[in-house]
Amino acid sequence: MTQQTWDELGGALPNEQFRSASDAIVANIEEVIEGKTATVRLALAVLLAEGHLLIEDVPGVGKTKLAKALARSIDCSVRRIQFTPDLLPSDVTGVSVYNQENHDFEFKPGAVFANLVVGDEINRASPKTQSALLECMEERQVTVDGVTYELQTPFMVIATQNPIEMEGTYPLPEAQRDRFTARIAMGYPDSGAELAMLDAHGGRDPIHELRPVSDAVTVRRLIATVRDVHVADAVKQYAVDLVTATREAPDLRLGASPRATLQLLRTARAVAALEGRDYVLPDDLQALAVPVLAHRVISTADAQLARRTTDAIVSDLVHRLALPHERQRSPYDTRPPGSGDGTGRSQYEPRRR
Amino acid sequence: MRGRRHLGFVAAAATLLAAAPLSTIYDRWTWLVQCAVVVGMVAGAATLVRWWRGPVWAQALGMLAALLFGLTWIFPSGEELLALLPTPGTLAHFGSMVAASGEDMRSYGVPVQDIDSLLFLTVFGVGAVAIVVDLLTVGLRRPALAGLPMLAIYSVPVAVHVNSVSAVPFVIGAVGFLWLLAADNVDRVRHFGRRFTGDGRDVDVWEPSPLAAAGRRLAVIGVAVAVLLPLAVPGMTSGLLSQLNAGGSGDGNGPAGLGGSPGRINLFAQLSGELNRSEVRDMVRVTTDDPEPFYLRFAVADEFRRQGFVPRTPNGEQVTARLPDPRDGPASQGISRTAHQASVEVLDFVMPFLPVYAEPVATRGVDGNWRYDPTMQVVYSNRASSKGRKYSFDYVRSEYSPQALAAAQSLQEGHSLRTLYTRVEESADVKALVDRLTKGKRNDYERVRAIYDYFSRDNGFTYQLSTEAGTSGHDIINFLTNKAGFCQQYAAAMTWLVRQAKIPARVAFGFTNGNNRRENTYTLTNLNLHAWTEVYFADIGWVPFDPTPAANVPGSLRSDYAPDPDRPDLPTPTTDTSAGPAADPSAGPEASSRPEEAFDGASADGGGAVQDNGPSWPMYVVGVAVLLALLLTVPALRRVLLRRRRQVRAAAAASTLATVSGGGDATPGVARVVLSESELARARADAHAAWDELVDTLVDFRIRVDPAETPRTTADRLVREELSDGTATEAVCLLGRAEERARYAREPLRHGPLVDALRSVRRELSAGADRRTRILAATLPPSVLFRWRSAAMDLSAGLVGLTGRLRDRMLRWSPRRILASRPSR
């Protein structure tokens, strides 16, 4: 069942192959999701960064469609779980049932035993069931009745949730959210994209005609290529600075975890590779800070009262934090005081506990 | 109440301490004892009254009574009841003493002896101040105001002394005042309960409040400014510091310390000091209607001491009063007296004497501070200085014929003048010499002439400004042995010899007529200072004799009764100055090295030269302006140099041949060409230099620079907001990409046309900026200024941190910490 161990990825792809493979996947998904190139690329980046994706948006903007399109574009095992309040952990992980033929317990793998797991409306399941995903998402293994089963690679959980309707939902616990590499919002399509959608989706759903353009082996090689992307010391320092800033920001009650640093850099590698670079830029980190960090932090009651979302707070931090310099330079800062700061706080000040 | 009693004693002690400056006025310490007694009585009376819970007015009355008793006891008039109770007679006595003190103050110079009237005034004043201080401190609880009466004591020495006095007594007085303030504040705090000092409670008493620290810093800055500003301002250098420097030379009688009390000046030391000065300065300008005046004189040394002749303390009437007129006396045969007028302008001559010709009869333009001593014939003052004065006077010029002098009788033994002016140290050598010289002479004039003639070149006397040390231990005897010296040795030696011959004599100080004469105006310099001998002849008066070789003294004057003893020896009657040195073989080699001659020549030329380039301030102004302009160009220069260095670097990079086409975006998985580390490092440095230059340019043109922006974002923003030109847009993108690759990629971008890119971006930015920004960017580049400012701030922060650490370390040795176990009060 678990034929492939996680680290057997295969060799890195040369530049052209990487580009054609990744472009093929993106183009394939865009046949279904119009005008959302950035979101699609981010989703792919999360896949290549060996992370998990949380898509959070209002109903009907194509969350599930994106998840399914990504899953279908890659020729690999795909399982879909519709999270409902009565879903049980064993439905997710699998269960040992007694086989009367050979008088033994036999493990029936659950839905997570696939390369891509689409968890729909994940916040509708009970916390018990949500928690069943904890081990598989981080450690990529399932332990049932004392037996540990390795998961396949690539392994990616794509979960969707609806932030608007809260009745009968169970918000994801912090531990669970921290395991998602990135949270993305779909956003409404612009009018042109929506017009195109009307044409394309008018008669039939094009997702059924989606053909896989890649397979698990290719994806594994893509992942290997991403791992090879160069990260300069200054960039690592910047990542650490960013995460540290979230821990010290006065508006945040809980900052980002070290896992966040790791996944931030990993995703940045993937984004850099997708953009055709073999090195990571601070720009990548800046672009990824909100998707990767915002869902992990918890804002203070004051910030919530001021209706400052974590997205805004993190984005603010990114705009304030100076780049680390490996060279000794006099840091010019000729910004007018208080620019880009809605609350009028001109100086970033560390929070004191 | 205990606190008040304590405070009362502190007030009394502070008053006594504040009286310390009076010690510079008095020669002895009697005044202090008397003041201490009176102040003690006043304080005791105040304490007594307070003990009886008397109101403030009662305290004042008590203290006044104590003062009265004290004064009566110390200065009795003999009419008191029981020798203690004052009577009207006592008060009249006090009044007479006050009146006498006014006169004594005018007539006595500092330091004064113990004179009853002055002592009375002092004790009365200090006692009165003690009463006021006590009332202010204890009665009214306003100790700060007590500084005012104390200041009154301070002002006394300041008013009496013409020149500065030692600062130590004033410091003592200030300490007394501070003690008073501190005692009062401690007392005030005690009113709230036990005083908390922080001892032994691990309270860091040395950690100041921010306010206290600010105050301390302000105080330090204030003191620094107060000390440095006068030094920086020209013309104010004659203040405290230069006095201190000058005072280092010894007893304060050095050349720079001219002035002081008339009886205390070492005239000889000042004379030699001035003569030996390398600079020539005009001291006095005198105009007279006398066609050939004798020397202008200002002082007399007539008292013989171990170290030589010193001036007596002069004594006389105010110069505004009528002066004795020699024409009033009996007219003698052979003596002609003519009246003349002269006006004097003192330029740079600081003395308690006014230079006048001998025998002035009336003065104009001289105030009552100046007095005339008829015996010494000097105009002096105990408090004023001659510097900068302008005055005129009438005088009588006396000329004597040798016959008249020869006719003069010798003074009898026991005549007061003869006793006073023939006092001299007994020396066997001198006595033998005088006996030999005056042997067979019939009258005083012949004796004096014999002595006078002795100082001739024939007898081996030569003029030189540096004297040699001798073995006899006495300068004058050394001179008589070495026979080399200048006017002061000649004058002193002759005076001694004449006195040894029992004829009254003294040394006079003044100016020769110099060699800078214009019409009737003589400008006299420090090199014209001179000393000569005056001999007293009965019924005639003081007659001057100048024994110094006339050849060596510019403006020297000889008369019939005392002709130049060197003159008959001259082979040709040419002028003295040219023939004198030539005739003397021993003086020949020294002729060129004689400072006086050299100076006189220099002064004649130099005076004109100084006047020619007199208005030299435009040069200074131009110089300062040029300097300022240079200083202003320093930032621009720095900027240009920086840019050039970076461009050279980038250009050098561009000129190296592109061996590997590593440009463009390397993509993942491509096999990389391995380059040498140094090449990569250089390419990185080039990109950094170009980017730094771009950032500096942005700062110069006042375009926002955001440290949170990546190079790519910055380039994008520039393209979006600042640049419109296509080449500039490309250039800035190239710069951004080069920098980003240099910073973050494995391989930097190489061989890009960075210099051209920089140039085009700069041109475009300059075109977009307004004129003011452009000018500022060229002249005072904000980037350079900003960097310097931040460097200065870093330095300051470092210093502050260092001092903080030092203070922490010092805190370990804080006496408070060490004495922490001391039981607290």
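## Close-up views of a predicted model

**View 1. Helix 9 packs against helix 11 in chain A.** In this predicted model, helix 9 (residues 233-248) and helix 11 (residues 282-293) of chain A meet at an angle of about 30°, and their axes lie 10 Å apart. Helix 9 of chain A is therefore roughly parallel to helix 11 of chain A. The crossing is right-handed. Helix 9 of chain A contributes A:Val235, A:Tyr238, A:Ala239, A:Leu242 and A:Thr246 to the contact. Helix 11 of chain A supplies A:Pro282, A:Leu285, A:Ala289 and A:Leu293. Of these contact residues, 8 are nonpolar, 1 is polar and none is charged.

**View 2. Chain B contains an open sheet of 4 strands.** The chain holds 26 helices and 18 strands. Of its 825 residues, 36% count as buried. In this sheet the strand order is 2-14-17-18, and the pairing is antiparallel. Strand 2 (296-301) and strand 18 (541-545) of chain B form the edges, each pairing on one side only. Direction ignored, neighbouring strands are turned by 40° against each other on average.

**View 3. Strand 14 pairs with strand 17 in chain B.** Strand 14 (residues 505-511) and strand 17 (residues 529-537) of chain B run antiparallel, joined by 7 bridges. B:Phe511 has B:Leu529 of strand 17 as its bridge partner.

**View 4. Helices pack on the sheet of chain B.** Helix 10 (residues 267-275) of chain B touches strand 2, strand 14 and strand 17. Its direction makes about 140° with that of strand 17 of chain B. Helix 16 (residues 487-500) of chain B lies across strand 14, strand 17 and strand 18. Helix 16 runs at about 15° to strand 17 of chain B.

Terms used: Residues are numbered from 1 along each chain as its sequence is written. Chains are lettered from A and ligands numbered from 1 in the order in which they are written. This is a predicted model: local features need pLDDT of at least 70, side-chain atom pairs count only at pLDDT 80 or more; totals for chains, interfaces and linings use all residues. Axes are lines fitted to C-alpha atoms, for helices over the stretch in contact, and angles run from 0 to 180 degrees between N-to-C directions. Helices (H or I, at least four residues) and strands (E, at least two) are DSSP runs, numbered from the N terminus. Angles under 35 degrees count as roughly parallel, over 145 as roughly antiparallel, 65 to 115 as roughly perpendicular and the rest as oblique. A crossing is left-handed if the near helix is turned anticlockwise from the far one by less than a right angle, and right-handed if clockwise. Two residues are in contact if their C-beta atoms, placed from the backbone, lie within 7 Å. Ala, Val, Leu, Ile, Met, Phe, Trp, Tyr, Cys and Pro count as nonpolar, Asp, Glu, Lys and Arg as charged, and the others, Gly among them, as polar. A residue is buried if 20 or more other C-beta atoms lie within 10 Å of its own, exposed if 12 or fewer, and partly exposed in between; C-beta atoms are placed from the backbone. Two strands pair if DSSP finds at least two bridges between them.
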